[in-house]
Amino acid sequence: MAETRPQHQAQYRGWLYKWTNYLRGYQKRWFVLQNGLLSYYRNQAEMAHTCRGTINLANAFIHTEDSNTIVISNSGSSTYYLKATSEVERQKWVTALELAKAEAVKMQDTESDEEDQPQPDKNELQNTVKLLGSKLEDMTTCNDLIAKHGSALQRALSELESMEILTNSEHGSKAKVINERATMFRITSNAMINACTEYLDVAQSQTKRLQKLFDYEHEQRMKLEDMVEQLAKEQVSLEVQAKKSLHLQKNGKEKGSTGSDEDDFYDALDYRADEFEVALPHEIMTHRRMLSDTSEDSHIILDDRSSNGSDTEQDGQEARVYSHINKSDSPKRSGSTVATVVKSTHKRNPSQESIKRTESIDSASSMTQKRFRRPLIPPRPSYSLNLWSIMKNCIGKELSKIPMPVNFNEPLSMLQRLSEDFEYSRCLDRAAESEDSAEQLAYLAAFTISSYSTTTNRSTKPFNPLLGETYECDRTDDYGWKSIAEQVSHHPPTAALHTEGRGWSVWQEFTMASKFRGKYLQIIPLGISHAKFTKSGNHYTWRKVTTTVHNIIVGKLWVDNHGEMDIINHKNGDKCHLKFSTYSYFSRDIPRKVTGVITTKEGDAKWVLTGTWDKKMEGAKILHVDESNKGKPVFETGPHFTLWEKKPLPPGAEKMYFFTRLALELNEPEEGVAPTDCSLRPDQRLMEDGKWDEANKYKVQLEDKQRAARKKRELEAEEAKKKGEDFPPYTPTWFVRKTDSATGNPIHMYNGQYWDCKQKQDWSRCPEIYI
């Protein structure tokens, strides 16, 4: 308890072990004692958003059972059993709790003296509402009278102005009428003011009491919700433990050993069962979003998941997961039931062997000479920009059709951004070496999630590639893969990529639907990604989730990835269903949370995945499947192990567009690349060098040249149509359009000729797209 620190004689905070239930035992929690309330959290980070429970010490009984145990009971409604690490630490907590209780009682007595009237009951509230209603009716009546007398006074004044000559008698009669109407107007106005004052007095007299009643009801509701949630968790935990005990008894594996209270405490510290929920896959194994010119016909079909991830997150069925974690080898009860369960669930040999095999490959590849690559790029300059002058004409337009200055860009092309997805290609290497298809799918899922880790701080936009623009990335010397990407279509903008690695190949056709909504920008990927492993022959497909950039106009930009993703194995029917939870300020879930479950073709669950898309993902095998009393599946898993973990950003990344190590190296000048390579694009290179004004000029010239070339092709197509001739469509240089055998959709596939042409330095087929 070294982190325990007193802040005041009645304020205290630190770590204690709290009894939870018979399955989980004592759990380490962070306790905060402040203002007569004792609250606890799972860790210190939760203090900003999630309180796990609170007990009021004003009516609490505090006593000790042994040298380390503290028991706090609040009139029977809730009881906390707490353990400190030492008797000295326990005494510090007891002293602080007693002082806090004394102050809470004193504060409660002071508040009771101030409240002469009891809490308002239902009848009193109804009378108050009726009284306020009657006062409101009085004000309405006064308002009608003011309008009536005001109109009469206005008419009298108008008549007086219309008469040119008045005799003395007429003048006197008119003045009398005006005075009478003015007096009536003044009387009704005073009545209105008095009615408003009475209404205000009544409302103010009841505000304090109503606020206290509301706070009391809200507190009771929150306590009831926490109580019901805790009871539900304990019920499920007891059900799982009971079924586990029955299963052990039937197989004759349960030993008749009984331990002492001290033994139970040691087991509670060394054994823990984490619990969380995962989304189950949908019944139909299809990729729903389809794109024009890449999947079906010349239109876009988007389901609800693509446009709003939060809607779908409430529709699918979920399962509860219990994961056993052996935190340390306890010196006691080595033959107990709990220790036996942990031992039987600790099966990590396949994954460990896969990691060892991959590490051996990495060590072998490290023997080859690696090329030195640049560790940094010029820092981003500080340019002011009038945002409204640009954005006012952009609302409702397609993002790819908006002429954006480089101020919104980063010095990378979209083709390079796609290649950046392979920064964590080690996940694919481990998947390629895995002999179990479910474990292979787990590593592949971790790879797909890792590609979103770069979007945490990257709110800038990559350059839109020109038609025919290419990008090669040969990293066989360090990462063990090489890729080629090309912009194969201009409308809709479509990029094709092919990557070959150690025992695997990945290809995809990337396109997207994007709309600027004024407050946020939503990017919906539409293309399908493929992965195939040489050793197993497994062929997987998946589609990326929606990315939303918030606070476009006002506030700090932040990115969220949300929706659902299905990774399908077309060889044996296995599927991994991933759920990217939408970030919500009011949610108790971990921000950027991702959960997943791997199932067979028959629907049997094999693996569970959990983590966040910005830090790391963990996986665990499912050992046993039960069903709760509500019909929700309950998965019991072994220990979790890390599938992927994000690398820290290089030093000074905040001055270099928050680029990762690989991103800093992507636009480094290369020798012998194709003349259409985006590393040779002048506006992008000028932006990287900090010459933004020149980059904007070149960007406009390049886009004008591309539009002129497209207009020329359209005119030639019209002329050929008039002559009854067929006009050949645009043909990419390194990709050819085929029908995918796995999905049945058209896709641009790599023709296998780029690296041969590079070796020969034969770039005669490349178009001239730059200035």
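Which residue does the side chain of Lys-616 meet in a salt bridge? The partner is Glu-618, at 3.2 Å from N to O, where a salt bridge is a side-chain nitrogen of Lys or Arg within 4 Å of a carboxyl oxygen of Asp or Glu. The model is predicted, so that local features need pLDDT of at least 70 and side-chain atom pairs count only at pLDDT 80 or more, while totals for chains, interfaces and linings use all residues. Residues are numbered from 1 along each chain as its sequence is written, and side-chain values use heavy atoms, with hydrogens and water left out.

**Salt bridges**

- By the rule above, the count comes to 26 salt bridges.
- Lys-616 is partly exposed at a relative accessible area of 30%, and Glu-618 is partly exposed at 23%; buried means under 20% relative accessible area, exposed over 50%, and partly exposed in between, with a 1.4 Å probe and protein chains only.
- Arg-681 and Asp-683 also join their side chains in a salt bridge, at 2.8 Å from N to O, and both of these residues are buried.
- A network of salt bridges links Arg-371, Arg-373, Arg-475, Asp-477, Asp-478, Glu-665, Glu-668 and Glu-670.

**Helix α15 and the annotated region**

- Glu-714 forms a salt bridge with Arg-710, with the closest N and O atoms 3.4 Å apart; because the two are four residues apart in helix α15 (residues 692-722), about one helical turn separates them.
- Glu-714 is partly exposed at 41% relative accessibility, and Arg-710 is partly exposed with a relative accessible area of 29%.
- Helices (H or I, at least four residues) and strands (E, at least two) are DSSP runs, numbered from the N terminus.
- An unreviewed UniProt entry places the feature "coiled-coil region" at residues 695-725; UniProt positions are given in the numbering used here, feature names are shortened, and annotations may be inferred rather than shown by experiment.
- Over residues 695-725 the model is 90% helix and 0% strand, and the end C-alpha atoms lie 41 Å apart.

- Helix α11 (residues 426-433) is largely enclosed by the rest of the structure, because seven of its eight residues are buried; among them are Asp-429, Arg-430 and Glu-433.

**Cavities**

- The whole structure holds nine cavities of 30 Å³ or more, a cavity being a set of points, on a 1 Å grid over the protein atoms alone, where a 1.4 Å probe fits but cannot get out.
- The largest cavity has a volume of about 100 Å³, the volume being the space filled by probe spheres set on the points, which are joined across faces, edges and corners.
- Lining residues, which have an atom within 4 Å of a point, include Phe-447, Trp-542, Lys-544 and Met-565 in the largest cavity.
- The lining of the largest cavity divides into six nonpolar, four polar and two charged residues, where Ala, Val, Leu, Ile, Met, Phe, Trp, Tyr, Cys and Pro count as nonpolar, Asp, Glu, Lys and Arg as charged, and the others, Gly among them, as polar.
- Both α12 and β16 (504-510) supply at least two residues each to the lining of the largest cavity.

Definitions and conventions
1 Å grid on protein atoms, 1.4 Å probe; cavity = no way out; pocket = protein on both sides within 12 Å on 5 of 7 lines; lining within 4 Å.
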